[in-house]
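These notes are meant for a colleague who is opening this entry for the first time. Please keep the sequence and the model side by side while reading the points below.

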Amino acid sequence: MSTIMSTTPTTAASRLDPMDLAGIDDLLTDDEVAVRSSVRQLCERSIDPFVADWFERGSIDDPRGLARELGSLGLLGMHLEGYGCAGMSAVDYGLACLELEASDSGVRSLVSVQGSLAMFAIWRWGSEEQKQEWLPRMATGEAIGCFGLTEPDHGSDPGSMRTRARRDGDDWVLDGAKMWITNGPIADVAVVWAQTDGGIRGFVVPTDSPGFSAPEIKHKMSLRASVTGELVLAGVRLPADAVLPGVRGLKGPLSCLSEARFGIVWGSLGAARSSLDTARRYAIGREQFGRPIAGFQLTQQKLADMALELVKGQLLALHLGRRKDAGVLCPEQVSLGKLNNVRESLEICRTSRTILGANGISLEYPVIRHMNNLESVLTYEGTVEMHTLVVGQAMTGLAAFR
Ligand SMILES: Cc1cc2nc3c(=O)[nH]c(=O)nc-3n(C[C@H](O)[C@H](O)[C@H](O)COP(=O)(O)OP(=O)(O)OC[C@H]3O[C@@H](n4cnc5c(N)ncnc54)[C@H](O)[C@@H]3O)c2cc1C
C-alpha cells in the first residue's frame, strides 16, 4: 500500500523540478518560455559574473554599455508599441523582470525606470515630437531616462511636492529638488513632476539643460548595483513644448508607477527564487551532525514554506499579468501584488540567509545582496504601508491615508 510517509519519491515526484513544484511553467506558452530563456542567457553572460563585484564596489562598470545590451534584446520599453519598442505582452515583460531581478534588483530597476517610468510617461502622455525625439533612442539604450517624483521632504505624499514650474513668457522655469532618483546621475533625459498654477504637470528635461545637476547618492547599503541620485533644478529654463501635454494632476505619475509596480510584482520573485535555490543547494551540500542540513526537519520546513510562498506569488503575478494583457487590470490589484510579492520575497531571502549560516552574510553567495536590495524594493514605488492602505480602501471604501 502506498503511503504519504514513503521516503522513496514516486515516479511523478522524481520528475518534479524542485524549483517549480506546482508546474507553473505549464501555464506559459512556448513563446513566453523562449522570451524568458533569452533574458536568462543575457543575465548569465553579462550580469551574473560581475554583479556581486558591482554591488561590493557600489558601481556598475559600464552602465551605458549595459543599457545598450539590454536595449539590443528589446528589454527597454519592452511592453510599449511603436517608436522602436518591442511591443511584447505584459506577461513577457513580467517574466523578463523576474529573470533580471534573479540576477540583481538594481539591474531590474534600471530597466523598470527606463521603460515603465521614463519611457511610459512620454509614450502615454507626451506629444508626438517628444515621442519621436526620445523613445527610439531610449529603446536601444542609447539614451537613458530617469523619473523625478520623490522629494527630500515628500515621498509617500507626492501631492505635496514643492518643485515648481512657472511660466516666463512662453518658457517654463523649474526650481526645486528631487531625491532618490534611480538612473539620475547617468540620465540623458529626466521626466520631472512639478507644481504649476494649473496643478501637477510632467516635464521632459534634457539633463544638459543649464541649472540641472544630478549628484550621486552614496553610502547606500541596498541597490548598490544601481545608480541613484538627487535632481537639483535651479532655474532650469525649458521651452513651452517641454511639458507633457496629455495629463494634469497626480494621475500622471501614478499611472507610470502602476506600470513599474507591475514589473516589481514579478521581479521581486526573481530575487526570492535565486535565494531559495541557493539555500536549497547549500542545504543539500552542507553537513552538520554527520548529515546534510537539508535532512533536518526544521530545514525542510523552511524550504517547504518558502516554496509555497514562491508558488503563490508566481500564480498571483501570472494572474495579474493575464489581466493586464486582457486590459482589465486595475491599480488596486497591482497594489495587492506588490504588497504580497515583495513582502514574501524579502521573507524568503531572510529565511534563505539563515540556512546559509555565517556564509549567508557573505557576498560570495547572492542571498544577502538580494535581501538588502529588497529592503529598497519594499519602500520604493509605494511602501508596504501605502499599498496596505490602498487595499484597505478598496475593501472598506474609506481612505486612511491622512
Ligand atoms: C534605491 C531607491 C530608488 C528610488 N528611485 C526612485 C525614483 O527613481 N524616482 C522617484 O521619484 N523616487 C524614487 N525612490 C523614492 C521612493 O519612491 C520613496 O522612498 C518612497 O515613496 C517612500 O518615501 P520616503 O522615503 O520619503 O518615506 P516617507 O514617505 O517619509 O515614509 C516613511 C515611513 O512612513 C510611512 N508612512 C508615510 N505616510 C504614512 C501613512 N499615511 N500611514 C502609515 N504610514 C505612513 C511610510 O510607509 C514609511 O514606512 C527611490 C527610493 C530608493 C530607496
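1. A residue is called buried when its relative accessible area is under 20%, exposed when it is over 50%, and partly exposed in between, with a 1.4 Å probe and protein chains only. Helices (H or I, at least four residues) and strands (E, at least two) are DSSP runs numbered from the N terminus. With these terms, the buried residues of helix 4 (residues 63-72) are Pro63, Gly65, Leu66, Ala67, Leu70 and Gly71. The cover over them includes helix 2 (30-46), helix 3 (51-57), helix 5 (90-103), helix 6 (105-125) and helix 7 (128-140), where contact means heavy atoms within 4.5 Å. Helix 4 is followed by Gly74, which has a positive phi, near 80°.

2. The model is a predicted one, in which local features need pLDDT of at least 70 and side-chain atom pairs count only at pLDDT 80 or more, whereas totals for chains, interfaces and linings use all residues. Residues are numbered from 1 along each chain as its sequence is written, and side-chain values use heavy atoms, with hydrogens and water left out.

3. As for the whole chain, its secondary structure comes to twelve helices and nine strands. The radius of gyration, taken over C-alpha atoms, is 22 Å, close to the 21 Å that the globule rule (2.2 Å times the number of residues to the power 0.38) gives for 402 residues, so the chain is as compact as a globular protein of that length. Buried residues make up 52% of the 402 residues, and among contacts between residues at least 6 apart in sequence, 75% join residues at least 24 apart.

4. A nonpolar core is a set of buried Ala, Val, Leu, Ile, Met, Phe, Trp, Tyr and Cys residues joined through side-chain atoms within 4.5 Å. The largest such core has 83 residues, of which Ile47, Leu70, Leu100, Trp193 and Trp266 touch the most other members. Helix 8 (residues 251-285) gives the largest share of this core, twelve residues. Apart from it lies another core, of 19 residues, among them Leu174, Ala187, Val205 and Leu231.

5. Which residues does Leu100 contact, leaving aside its neighbours within four places in sequence? Its partners are Val39, Cys43, Ile47, Leu70, Leu75, Val107, Arg108 and Val111.

6. Ala194 lies in strand 4 (residues 189-196) and is buried, with a relative accessible area of 0%; not counting residues up to four places away in sequence, it touches residues including Met161, Thr163, Ile200 and Phe203. Val205 lies in strand 5 (residues 199-206) and is also buried, at 0% relative accessibility. Leaving aside neighbours within four places in sequence, the contacts of Val205 include Leu174, Val192, Phe212 and Leu238.

7. Most residues other than glycine have a negative phi. His219, although not a glycine, has a positive phi of about 65°; His219 sits in the loop between strand 6 (212-213) and strand 7 (228-238), and at 77% relative accessibility it counts as exposed. Glu381, again not a glycine, has a positive phi of about 60° and lies in the loop between helix 11 (367-379) and helix 12 (384-396), but at 10% relative accessibility Glu381 counts as buried.
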